[in-house]
Amino acid sequence: MAFVKFTLITGAAAVQLFPQTFLLQQYRKIRARYDFENNELPIRKDIERRLKEILDDVNLLYRPMIPEERIKFFNVHDIEMFHAGSTYTKYGGLVGIPVNFEYNDISHINNGNISIQSASLQWDAEATEEFHKSLVLSENAQKFAVAQQILKVATFDPIIKSVNACADALIGVGMYEFLCLKLKVTKQQWGKNALCMSIAAIGTFTFTLLTHNGLDYYRETEVNEIISKFGDKYIQGGVEYYEKLSQRNRALRVLLGSKGRYMFTPVGNQTTWFTKKRIPISEQIDYFKQKMQNIQSQLV
């Protein structure tokens with residue numbers, strides 16, 4: 001029994017930690033974008049130069065400095081920014097660049113390259129136009145989005161989440177033993193054992209969800225505060241980036257049909273039912289607009 005408990009606790013930690021460390025490169029292979037010959041597509045040269053500028057900006061304005069070799073950029077196969085790993089481990093961090101960073105205007109958009117949670121889209125004409133417009137980001141918006149991911153990678157979050165998962169699993173085991181003791185459950189009482197295990201599993205899952213989402217929400221708030229000190233170009237980029245996300249989500253609410261109405265609110269926020277993992281997009285827009293207004297008022 002002790003071995004089973006140990007396995008459960010270490011397994012919970014490993015599930016969180018391994019994809020962010022030992023299996024980071026395998027994780028990358030799953031998320032990367034490939035050509036028809038199954039070769040990973042390199043980042044376009046002009047985007048590569050922009051990424052170098054962003055990392056230089058972050059290192060100029062943020063401490064501690066992030067060595068360039070600690071972060072690897074690569075193309076991801078969808079339209080979402082991606083990050084994994086941590087610059088505080090020997091495996092470093094990854095930042096995934098979505099396909100729409102290659103679009104300078106809507107004429108460059110290839111719907112065949114767009115992946116949205118493996119869902120088929122209902123190509124409503126007006127919503128499609130809004131969706132395409134939302135994919136084209138200015139240089140400032142792209143710089144903001146990448147800087148945000150760099151700052152998230154430059155944290156201990158994967159390690160914190162792993163330790164947290166281990167602690168939650170330990171609490172779950174303790175909860176199971178407490179219930180068995182209170183209900184006087186024997187090994188032969190499979191029904192009661194299953195009930196106690198189910199309650200403990202649900203409790204463990206809830207604890208982990210709350211703490212991990214709480215950490216993500218806190219980190220996003222902290223990153224906002226850091227980026228708002230990078231100057232007006234990054235703040236303008238933040239306003240545009242979240243306005244485009246809102247525009248995209250409103251379009252997807254139509255294009256994805258009933259699934260879209262389930263996933264997104266009419267104002268473009270992601271629907272949350274239990275706990276917030278991210279700051280709502282509408283609040284992000286208000287936050288960076290307020291920062292922009294503060295800068296403009298200081299110039300008057």
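Author: Axes are lines fitted to C-alpha atoms, for helices over the stretch in contact, and angles run from 0 to 180 degrees between N-to-C directions. Helices (H or I, at least four residues) are DSSP runs, numbered from the N terminus. This is a predicted model, in which local features need pLDDT of at least 70 and side-chain atom pairs pLDDT 80 or more, while totals for chains, interfaces and linings use all residues. Residues are numbered from 1 along each chain as its sequence is written, and side-chain values use heavy atoms, with hydrogens and water left out.

Reader: What makes helix 7 roughly parallel to helix 10?

Author: The axes of helix 7 and helix 10 (residues 281-299) come within 11 Å and cross at roughly 25 degrees. Angles under 35 degrees count as roughly parallel, and those over 145 as roughly antiparallel. Helix 7 is therefore roughly parallel to helix 10.

Reader: Which residues meet where helix 7 and helix 10 are in contact?

Author: Contact means heavy atoms within 4.5 Å. From helix 7, Tyr217, Glu220, Asn224 and Glu225 meet Glu283, Gln284, Tyr287 and Phe288 of helix 10. By class, three residues of this contact are nonpolar, two polar and three charged. Here Ala, Val, Leu, Ile, Met, Phe, Trp, Tyr, Cys and Pro count as nonpolar, Asp, Glu, Lys and Arg as charged, and the others, Gly among them, as polar.

Reader: Why is helix 4 called roughly antiparallel to helix 8?

Author: The axes of helix 4 (residues 125-135) and helix 8 come within 8 Å and cross at roughly 150 degrees. That angle makes helix 4 roughly antiparallel to helix 8. Their contact has seven nonpolar, three polar and four charged residues.

Reader: Why does Ser228 count as buried?

Author: Buried means under 20% relative accessible area, exposed over 50%, and partly exposed in between (1.4 Å probe, protein chains only). Ser228 has 14% relative accessibility, and therefore counts as buried. Ser228 lies in the loop between helix 7 (190-227) and helix 8 (232-255). Leaving aside neighbours within four places in sequence, Ser228 is in contact with Ile235, Tyr287 and Lys291. The side chain of Ser228 also reaches the backbone oxygen of Glu225 at 2.7 Å.

Reader: What makes Glu222 partly exposed?

Author: Glu222 is placed in helix 7. Its relative accessibility is 25%, so Glu222 counts as partly exposed. The C-alpha atoms of Glu222 and Lys192 are separated by 45 Å, the two residues being 30 residues apart along the chain.

How values were computed:
Helix = DSSP H or I, 4+ residues; strand = E, 2+ residues; numbered from the N terminus. Polar contact = N/O pair within 3.5 Å; in protein donor to acceptor, adjacent residues only side chain to side chain. Parallel < 35°, antiparallel > 145°, perpendicular 65-115°, else oblique.
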